[in-house]
Every structure is written in structure tokens, then in C-alpha cells.
Amino acid sequence: MIVQRYSRRYMRRRPGRTMLSVSGIAIGVAAIFGISLTIGTTRNAYQRMFSELAGRAELEIVASGYGAFDGDLTRLMANAPGVAAAVPVAVAAAALTSAGGWSAIQVLGVDPSRDGLVRDYRFYRGRMFTDGNEVVIPVALADRTGVKVGDALGVMGSAGSVSLRVSGLLEGGGAAAFNGGAVAFTSLAAAQRLNGGAVGITSIQVVVERDARPEEVQRSLQSIVPAGMLVQTPAARAALGEAALFGTERGLGVLSVVSLVAGAFVILNSFLMGLSERTRSFALMRALGMTRSQVVRMLMGEAALVGAIGAVVGMGLGMALSVVLNAIVAGVLGAALPPIRLTWPPVALSVLLGPGVAVAATALPARRFSVRSPLELLGDRRAAGLTERPSAWLPGAGLACLLFPILVTAALVWNRVGSERLVSLLAPAMASGLIGAALLVPGIFAWLCRPLERGLTRVAGTEGRLAIRDLRRHRIRSSLTIAVLAICVVVSFGFGNSMMISVDDVRQWVDHVTPYDYFARRLWPDVGTMSAPTMPESLEGVLRSLESVDVVDKLCWAATRVNGVVVMSEIGSYSGAGPIAQEVAEGDAAGLYERLESGEVALGSVLAKKLNVRPGQTVTVQTRAGQRPMRVAGIISSYTGGGMTLHLAWPVGVDTLGVSGVHVWMLRAAPGRRQALSDALRRLGVEHGFHVQSMEQFRATVDGAMSGVVAALWVIIAFVFVVASLGTVNTLTMNVIEQMRQLGLMRAVAMTRRQVRRMIVSAAAAMALTSLVPGVAMGFLLAFAMGASHHAVTGYHVDMTIHYSLLAVTVIGAVATAVAAALVPAQRAASMPIIEAIRYE
Amino acid sequence: MTTDPIPVIRGSALTRTFGDGAAAVTAVSEVDIEVQRGEFVAVMGPSGCGKSTLLHLLAGLDPPTSGRVMVDGRDLADMDDDTLTLLRRRRIGFVFQAFNLLDVLTARENVALPLELDGRRPADADARAVAVLERVGLSDRLDHTPRDLSGGEQQRVALARALVMEPLVLMADEPTGNLDTATGQAITDLLRSLVDDAGQTVLMVTHNPRHASSADRILHMRDGRLVDEQRMESPRAAEALIAELQG
Ligand SMILES: Nc1ncnc2c1ncn2[C@@H]1O[C@H](COP(=O)(O)OP(=O)(O)OP(=O)(O)O)[C@@H](O)[C@H]1O
Ligand SMILES: [Mg+2]
């Protein structure tokens, strides 16, 4: 009790230090929490979306490419053993057309007489639809669009625009939450009509009998469904969306680990300061009967408390971070992600990690501290050398820790081991590397002392030399601050550089692959479902007949399976070289499209990597006529679908996958006729129900998303530098306090205030300069490792360029941050009354 | 008394050397010392003669280079750190010359701390701390922190804390060193009354002959050795001693 009170009062007496410790942990936790919340929300979003849609159904039967199939199967399923109920669902991707613009909506065709067996419809107002002219929507959607019961709702499906009367409004939750609430329920026939008369349903949802085991029912149903049909859990559909998020998750994962390591160093630094400041108190407690384990327990208790507070603060910050990240991810993917939802795993992780990291970072020094005898502690204000002399094993351990990321990077470059496993090693490897670099800092500092001293003496005179002497006297404290600054440099330069490379890469991709002037589409498909209303192929004739048009190409996306893996297939017709040749990563670019037209396929590089397939080999594609072997003509670096893509030529896609509509028309104007084409297209758009987007608009959208990424990068870098500056303030303040008496003497003897200030600022500059050595080196390693992992995952090469402007910003930023941070303690030291300082104890 | 009782403290052939080679300093050299139950012993000697070092050895705060320390018949050399710490906690009360108190804790918290470290219930520990503080005359300063207490009051809190575990022996290293004569005398009188009223065993280092004269026995140290011993049989002897020492 008293011991805890002692700890608490001590922390309150040193609010700056406590705040720093807390912020160290808070930053790490915020990164981990925010990032895992973002990832969890986006990932679970897809799983949850499909589970909620399925209501009580534990299983669903789908065509393996998620296409339409004959609804007669429903009766067979309903009568199968172990099945309590089986209901048909036909999903139509559509756009809600209102004066304000078009927004994506999923229209679910259901059988109103039986659907209640699977889903509950809780009506806020109105009633269930009774025929194919009526529709039921969530009340939130109605509010958003200003629609009331009895109003007409304009819906644009693949078959064109229809008007449905709203018969009822649903309360939120359950199926009404599907697709972020952008959902409407109507009859099977109406949904099929929206889908362009494609007869058939898109899934059968199955409720299992109370005493039957779902897995067994799944097995027995699988044995009776026709070939090409699949019995799965509703959440299994999330695979496509999850694949698209993989790359983003990887980068964020590395970032969160880096932040956590930085946080650990910050807390270690302030912890050691707390120890050295309280040596006498601990000596006393030991003398009057505190055992070693009681000392350790007390120190660990303090660390755990700081960690717990840090975890709480960090979770708050993390929430904010995740909102920002979510918006960025949504912007980059062009998908409508649901709002962040608090889930238990990230909370549990943070609650464990906050105190856990705090305790882990401080356990060793606490133990070493506790074995000092009371007299030793009494005799030495500075924890009997604990915080002064770095141990001899540091450089060795540091090099050993560095070996891990170097080996992982090397392995990624040569790519001998299974790449996905290697990539998952990246985050721990970087953590190990950062720790290694930090362990080497005392050595680097010792090695740099002489040149730094010479340089600073030239710039700042004697004050510079005195500054170096001070830093040397507290080598561990200085080294930890340098390590924190170095981690900032790593984040800023290394992480920033690899992010900039990706951003440049996306921008280049936009420039390369889109030799078109205009896109015409109803909606861009969303990444998670790849569904959007299509346009009839027959429109091609109309478009070609425009005299201002030169090239008309088309694209369509549909889910399918390659070697059993769910992928997105991109079916396109390209005139001339077309964009696809620009993207070839492996295989012969020149003849690629001809080969595709002859029935071969191309694979997205991520998929090829995952399946370990090369051009010339054969893959098994799930077609509407069952499994079919197809030859791989080439590998393509694609940004769509996270690179998990199958590329087919239009006729082949129509033939094998049975696609029938066009998602996007891609058009090039005849020379000098861009404006004419634009006008003509806009006119046609009104008539046929599509929107026109110019290449510039498309590029601006991508640029906007990329600017968001870059802005987020700067926010993160600024955030990290703020922490580093707090650490610098702390270290220098501690040096000032410990040397009060000496500083007082120096002031009394001859030193002017300005000289005192210059001395302290010099110390900060020296730490920042030292931090650049391990920071930039590790930054290069990180950038290189991320580049190599990019290659390992995606299978295509991104040029490793160094953004020297970023390097310059980092160098200037590190020095400026440290110097700015030094101003506070410098002022404090310069303005203290001399006599008081001399008497200071 | 037919048999010699076991002395509370016994040091035999105690030697403590700091450093090695040419820089070695022998702070305590071949000292034999015994303190009996209920005795009040003072140690005197010039600065640097090894008084503090001797006290540290006897309190188990520092291991001797050679020789042995027995507390209540048990050899400290046989104890691991935890046993030794428990011994300090329960059997030995220690008062330093200055900086005895944890500055963020109040007087009663400082005194209750050893009890709580020993696992007593906080309420009991507090009640006991208050009782002991009353005994040293500080019942009106219970909730003050050290910075709000005078030097004499601080030392009385330290004394209360040393006494709160009812130790076998109270060791005080110049408890009056930082205090003016009158305040120092009050502390010494307090120690004397503890010996007389409660049979407390006390071992005290002091520079001040007047304070030393309150003891039953005075040991004189010089250059790390015990060179002389005086018994204060009567008040008169004490007066004489003071006169002699003050020359
Ligand atoms: N930790 C140590 N390391 C080296 N020498 C020490 C140490 N502690 C004490 N000494 C030396 O041992 C000798 C005795 O010191 P000690 O503190 O016991 O003297 P003292 O009699 O208590 O003096 P004072 O009256 O000034 O307190 C001194 O010469 C001192 O310098
Ligand atoms: Mg002394």
C-alpha cells in the first residue's frame, strides 16, 4: 500500500518523466491498436458482412465462381438430411440513382414466404414487399436518401434502370447491415430482372437442424450438389476482399512493430532516469528491510502502471489513428469500408502489450538494480554505475540482432524459402534490427566522440567540448536517446522511402496502363465483392458508331477459382497493344493478347507467386462447365484485387466463365476529337445509364488517394519525431538537474547564460548527428527489405530508388527536432539563480 | 547469573578493507565487540576512524573482509541476501546521520513502511506507526512530509521507524550529527529513556562527548581499531568524563 503510494507520488512529482514514459508506451500501443483495429475491421468487415447477410444460415451453396445457377436446386437441398431450411437468394449489384449521384447498393432477391426461416425482418415502418415492384430498405438508407414509405426508389441494375416502390423500412442490424447498410430486399424475380434477365439465383442459404453438426451436413451436401457447386460457410466469401488488403496489412504491420520498439526504448530511458534519481531512496528501503524481490516487484509495478496508463491512452490515440487509416485504405482500395468497430482482440492485445512491453523493457535493469547492496546504492547517486557503463556484451548482441533482418532481406532477395513465411518474418526481423542498432549505439557514440568533439569545438568552442563530456558521462542515457532518435530516422527515411516507392509505382502504373481518354461505367466494382452493375455488350456497337471514337475496349470482373483459390478474374478485350502488355512481369509481352485470345490465361503476379506457377505451365480454372486446365501465357503485375487475379481475353471469358456484361468501357478518341467524344459519351450516358470519367479525373482520383497516403506518412513521421523530442528534453533536463551544482559553479566562475545554452544545444545536436549513422543505415536496410518483400509477395520488381529529398528532410528533421527539444532544458539551466544552484542537492 | 547470556551483537576480529593494492584502505581492523541485551553503547572517535564502517558491518549492510558478525547468536556469513534483509527488517533498527526518510511519504507512512514490507495489514501497520510516533512525541506531526519537518523531528521519525519493528538492537550512526546541541540532547535523552524504560539495546555512533555520556559504555576508535573502553557506572563518572574530554 505505502509502496504503491510511494510510486504514485513519485510519478506525480515528475510529471514530465511520467508523461514521457506513458507516451512511449502509448505510441507503441496506438500504432498496434489502431493498425490492428483497421485491419480487423476491414478484414472482419467482409466476413461479418457475409455472415450477417446469411442470418441463421450456417451454410450456403454457391456456384464456385459465385455466378448464377438454377434455383431448382433449392428444393433438393431443403429435403436433404440435416437441413432445417434452405432458401434461395439472388443478389444483384446495382446503383441507387438519385439526383445527388449514384451510389452502390446490393439488391437481394428473396422468397418472402420462406426467407423468415433464415433472416429476421424487423420493421421500423411499413411492411414486407408483396411483389416484384416493391422493395424494403434499411431506415438509415432511407434517411440518407430522403426516401419514405410509398416513395419510388430508382435502381440501376445491369439490365438498366427500374423504379421500385418502398413498402417498408427495416431497423438496423442483421441483414439490414449488409454492405454497410447499402442493401435492398425485393422479390427473386425483381432481382433477376435487375441482373439482366439472367435466370437463376446466386446462393442457397441453409439452416442446419438443431441436433445436426454443420460440418457433417456440409460434407453430405457437398456430395450431392452438382459439379461446380460449392457448400461453404457464408464467411468464406471474404477471401477475395482479404487478399486485396494483404499488401497494406504487411506495411502497417511493420510500422506498428517499429513503433512498439521505439516505445520500449523511450520507457527504458525514462525508467533508468527514475532509478538513478531515486538511488538513495532505494538504498534506504533496502536498509530497512526491503528484499530484492520486493524491489523488483515495486519497480515492475511502476512499469506495469505506466504501461497500463499508456495502453489506455494508446487505445484512445489508436482509435483516432484507425479512423484516419481506414479512410486512407478505403481511398486507396476504392472500396466502401464500414466504420471502425471496436473488437476484443486488439483491446486484449493492447492491454497485454502496454504493461508487457513496459515490464519487459525494464525487467533486466530492475533486476540488476535490485542486487546492489544498500551501501553501494547509498554511496553512488547514479545507481552504482548501472546507468553509466554500457556492458561489454552490447556490441556482440547488437550485431547478432542485426543478423536477423540482414538474413531475412538476403533470403527475400534470393527468395529461396517460401516467400509468404519469409514476409511474415519481416516485422520481427525489423524489430530485432532496431534493437540491434540500439545496442550498437554506445559503441558508435564512443567511436564518434572524438570527431564530434573536434567538430563541435570548432563550431561552439569550449561549450561544444563540455557538451560531449556531459554526454559521455551518461553514456547509457545518451545512447538511449540517440537510439530513439535513430528509430525516428529509420521510420522517416526507411519506411517513408519504401512508401514513396509504392506511391510512385502506382502513379506510374496509372500512366502506363491506361492509354485511354475516357472510361464509361455504371460503378467501379468494390474490392471485396467485385460486384457492380454491368452494361450490355450490345452497347459496343453504339459506341463504335460514334465518329469521334478511335478505340473501344471493355473490361469485366468476376470471381472464380484457380487451383482451388478464390481469385478475381479480369476479362478484357484490348485493341492493339492494349494496356495489358505494359504490365507483363514475366513471359512474352509482344504476343500476349493473341495467346490470351487463343484460350490461354495470364495470372496476377501475387497469385502466380502464391501458386508457384510460371509461364508455360498449366493451371486449373473453375469454369461454368467444371474444372478446366488452362495454359499460362504470362504473369502480370496488377494492382487490382491485390494481385490475386486471372486475366482472360473477352471471348474466352464469355465462353468459359459465362460473363455477359461489361463493367467498364475504355475509350480513345480519334485524333483531335476528345471534346467531341466526351460530349457524345455524356449524351449516351444519360440514355443508357452510365457515367463518363476522363483519364484526368481517374488519375486525379488515384492521385488523391496517393496524396492521402503521403499525408498519412507525414503525420506518422511527425508523431514519431514528437516522441523523440520529448525523449531529448528528458535526457538533457536530467543532465542539467544532476549538474546543477557544477553548472552553478561554472556560471559563478565565468560562463555566460548564452554559453550555458550553447553547451546544452550542442549536446542535442551531437546526439542527433550520432543517431543519423545507425538510423540511415537501418533505414536503407528497411527500405531494401520492404522492396524485396514487395517482390517476394507480388512477384514483380519495383525499382529501388532513394528519395534523396526524403533523406534530406530526415537529416534536417532529426537535428532540428533535437535542437528544438534542447531549448527547454537550456533555458532552465541558463536562468537558474547561481547561489541556489550551488546549494542544490 | 550462572552463564553468560548470548550477546545481542558480537563481532570478532572484524576487518574491512576497501580497494586493493596501493590504494587499499583498511577502515576497520581486527575489532572485537560485544553488545549485551539492554545495554546502551556509544562509539566515539575522530572522523575517518571507521565508526560508520563498523556499524554497517554489525548491521549486515556490508560484509566484512574477514572476521565474523553474530546477531543474536546467528552468523551473518551463513545468510543469503533475503535472510539478511529479513534480519535487518525485524531485528535491527537503523538510523542514518541524515536523509533517513522517503521524501514523498508522510511521517506515519515512513514509519509504517517496514511493517507493510513485512506483510502486516495496512490498518494495523498504521495504528502501530501512530503509537510509536506518539512515543517519540510527534503525535501532532503525523501527516507531514519530511520537507515540512525540522531536522530534529525528522530524526525522531527515523527513530520511530527504527523502533516500530521492536528490534533486538537499535543502531544509530550519528543521529544527532546534523542537529544543534539542544535538539541532539533531546534525541539522546529519548534513546536513554528507551533503554531504561523498555530495555532497548542501543548502539550509537557520535562525535559529541555529552551525548556519549548518556551511554552505559563508550568505545573509543582510532585508525580502525578499538583503543579504549569506558563504563559509566555513575552520573559522577559521566560528569568527569565530559570535563576530561572537553578539556
Ligand atoms: N566505500 C568505500 N570505499 C573506499 N573507502 C571507504 C569507503 N567507505 C569508507 N571508506 C574509508 O574508510 C575509512 C573509514 O570511513 P568511515 O565512514 O567508517 O569513517 P567514520 O569514522 O564514520 O568517519 P566520520 O566520522 O567522518 O563519519 C575512511 O578513510 C573512508 O575514506
Ligand atoms: Mg561516519
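View 1. Helix 1 (residues 51-58) of chain B gives the most to the shell around ligand 1, namely three residues. Helices here are DSSP runs of H or I with at least four residues, strands are E runs of at least two, and both are numbered from the N terminus. This is a predicted model, in which local features need pLDDT of at least 70, side-chain atom pairs count only at pLDDT 80 or more, and totals for chains, interfaces and linings use all residues. Residues are numbered from 1 along each chain as its sequence is written, chains are lettered from A and ligands numbered from 1 in the order written, and side-chain values use heavy atoms, without hydrogens and water.

**View 2. The shell of ligand 1.** Among the residues surrounding ligand 1 are Phe18(B), Lys51(B), Glu174(B) and His207(B); each has a heavy atom within 4 Å of the ligand.

**View 3. Oxygen atoms of ligand 1.** A polar side-chain atom of Thr53(B) lies 2.5 Å from a ligand 1 oxygen. A polar backbone atom of Gly50(B) is 3.0 Å from an oxygen of ligand 1. For Cys49(B), a polar backbone atom is 3.3 Å from an oxygen of ligand 1.

**View 4. Helix 5 of chain B.** Ten of the 13 residues of helix 5 are buried, so this helix is largely enclosed by the rest of the structure. Buried means under 20% relative accessible area (1.4 Å probe, protein chains only). The buried residues include Gly152(B), Val157(B) and Leu163(B). Their cover includes helix 8 (279-287) of chain A and helix 3 (107-117) of chain B, with contact meaning heavy atoms within 4.5 Å.

Methods:
Buried < 20%, exposed > 50% of the residue type's maximum accessible area, 1.4 Å probe, protein only. Polar contact = N/O pair within 3.5 Å; in protein donor to acceptor, adjacent residues only side chain to side chain.
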